[in-house]
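Hi,

Here is the structure I promised to pass on. Have a look at it first, and then read my notes below.

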Amino acid sequence: MSAFHLAQINTARLRAPLDDPSMAEFVAGLTLMNELADRSPGFVWRLAGDDGDGTIAAPADPSRIYTLSVWESPAHLRAYAYQSQHLDYLRRRREWFHPNGPEAALVLWWLPAGEIPTLDESIARLDRLRADGPTPEAFTFRDVFPAPASVAR
Amino acid sequence: MTTSKDLDDLDDLDALTALADGVRRRAYRVVADGAGPVGRDEVAEALGIGRTLAAFHLDKLVAAGLLATSYARRSGRSGPGAGRPAKLYHLAPAEHAVSVPPRAYRTAAELLAETLDELGAENALNEVARRHGRRAGAAGGGQRAVVADGGPPDAGTGGDGPRDAGEQGVHALLAGHGYAPVAAGPGRIELRNCPFHRLAEQFPPVVCGMNLALVSGLLTGAGQDTAWTARMDAAPGRCCVSLSKTNLD
């Protein structure tokens, strides 16, 4: 068991409020995708969210949502996100979300196993990636940094 | 991002010249067409050559980085008397491409995919892919490529073969476009190769969505879209699209 786990936060801007009929398929999928995540190999933890649906609305902008989760490794998260039923859901994202433009919408970072990330800390990681590009403290699937070596205390 | 090293990296040429030998190329194809790892005996039998010669060529392909090896007991037995594990061969995951003079289409593809992702222009991409697929499917280019390759796509897999002419046509169409189709149960086709693998790993929703539109277009162009349906069916180790026979009842 590694001493570090992989945290991820991703964000999207909704085309319509979650109770709008145009968002019904996205909302229906949330439960399925959360259940799929919960039983996926390497899943550690996710933020249940405002309505228990896994999404958290930004305080200043209700159309901006986040999902936040922790995994044993990048390979585990990749298998869930891109090698499962979740990919078809992701493929349809333009039906429900505005494009992100050049702003990073997903960030990865390592945290000691057993720790749980806070929403504020996680949004700060996203800001850090946007400001500095990929670093060991905030990176993407295209530039994965290895877990820190365990330091003797 | 592809680095400039790729532009003038001719090391890949060494790997590819290992395929210049005709026997070795056929040995590679037997492994590539196999549903799983393949032993030297199967290759020797398929090529009508001796086991030692088959092993010689297979090991040359391993040295060139085109094949990789694993060991397993083929009989399914274990314990004393089960015999030594056999050396088995499968395709190495690395890709090799050589352009002379240097061309950087991979970099161009990455830049284009990233731009489409940023703009959220996947619908336009999918429409282009669907149109392209329809044209290619109607032109029957897939079938010609397979004939030129010297045989039906799943000769030698030993698995479930296509059941009828229509199914054979769909297999040939997909094989001709590099998807390496295999029958996976009645009325179901899985694609063992993703022609866009590296790009798909970097931009999964964009490239896999494009791929689904392309395969759907191929079926339409070939007049198979009422009999077969392509859908997203992501799983580790194969193309994210699979096909199933439409229930016509």
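In chain B, helix α2 meets helix α4 through B:V23, B:R24, B:A27, B:Y28 and B:V31 on the α2(B) side and B:F56, B:H57, B:L58, B:K60 and B:L61 on the α4(B) side. Contact here means heavy atoms within 4.5 Å. Helices (H or I, at least four residues) and strands (E, at least two) are DSSP runs, numbered from the N terminus.

Before going on, please keep in mind that this is a predicted model: local features need pLDDT of at least 70, side-chain atom pairs count only at pLDDT 80 or more, and totals for chains, interfaces and linings use all residues. Residues are numbered from 1 along each chain as its sequence is written, chains are lettered from A and ligands numbered from 1 in the order in which they are written, and side-chain values use heavy atoms, with hydrogens and water left out.

Back to the helices. Two packed helices are described by the angle between their axes and the distance between the axes. The axes are lines fitted to C-alpha atoms, for helices over the stretch in contact, and angles run from 0 to 180 degrees between N-to-C directions. For α2(B) and α4(B), the angle is about 80° and the axes are 9 Å apart. That is why the two are called roughly perpendicular to each other. The cut-offs are these: under 35 degrees is roughly parallel, over 145 roughly antiparallel, 65 to 115 roughly perpendicular, and the rest oblique.

Helix α3 (residues 40-47) of chain B packs against helix α4 (residues 51-63) of chain B as well, at about 110° with the axes 8 Å apart. So α3(B) and α4(B) also count as roughly perpendicular to each other. In this pair, B:R40, B:D41, B:V43 and B:A44 of α3(B) meet B:R51, B:A54, B:A55 and B:L58 of α4(B).

Then there is helix α2 (residues 22-33) of chain B with α3(B): about 120°, axes 10 Å apart. This pair is therefore oblique. The crossing of α2(B) and α3(B) is right-handed. (A crossing is left-handed if the near helix is turned anticlockwise from the far one by less than a right angle, and right-handed if clockwise.) Here B:V23, B:R26, B:A27, B:V30 and B:V31 of α2(B) touch B:V43, B:A46 and B:L47 of α3(B).

Is B:H57 buried or exposed? B:H57 is buried, at 6% relative accessible area; buried means under 20%, exposed over 50%, and partly exposed in between (1.4 Å probe, protein chains only). Not counting residues up to four places away in sequence, B:H57 touches B:D21, B:V23 and B:R24.

Another one is B:L174, in helix α8 (residues 165-176) of chain B. B:L174 is buried, with a relative accessible area of 0%. Leaving aside neighbours within four places in sequence, B:L174 is in contact with B:Y179, B:A180, B:P181, B:I189, B:L191, B:V215 and B:L243.

B:A180, from that list, has a positive phi of about 50° although it is not a glycine. B:A180 sits in the loop between α8 and β4 (181-183) of chain B and is partly exposed, at 23%. There is also a cis peptide bond between B:V100 and B:P101, with omega about -5°. B:P101 is in the loop between β3 (86-91) and α5 (105-119) of chain B. Most residues other than glycine have a negative phi, and most peptide bonds are trans.

What about disulfides? B:C194 is in none, as the nearest cysteine sulfur, that of B:C239, is 5.2 Å away. For B:C240, the closest cysteine sulfur is in B:C208, at 3.4 Å, which is too far for a bond. Both B:C194, at 15% relative accessibility, and B:C240, at 8%, are buried.

Finally, the whole chain. Chain B has 10 helices and 7 strands, and 36% of its 249 residues are buried. Of the contacts between residues at least 6 apart in sequence, 57% join residues at least 24 apart.

Cheers

How values were computed
Disulfide = S-S within 2.5 Å.
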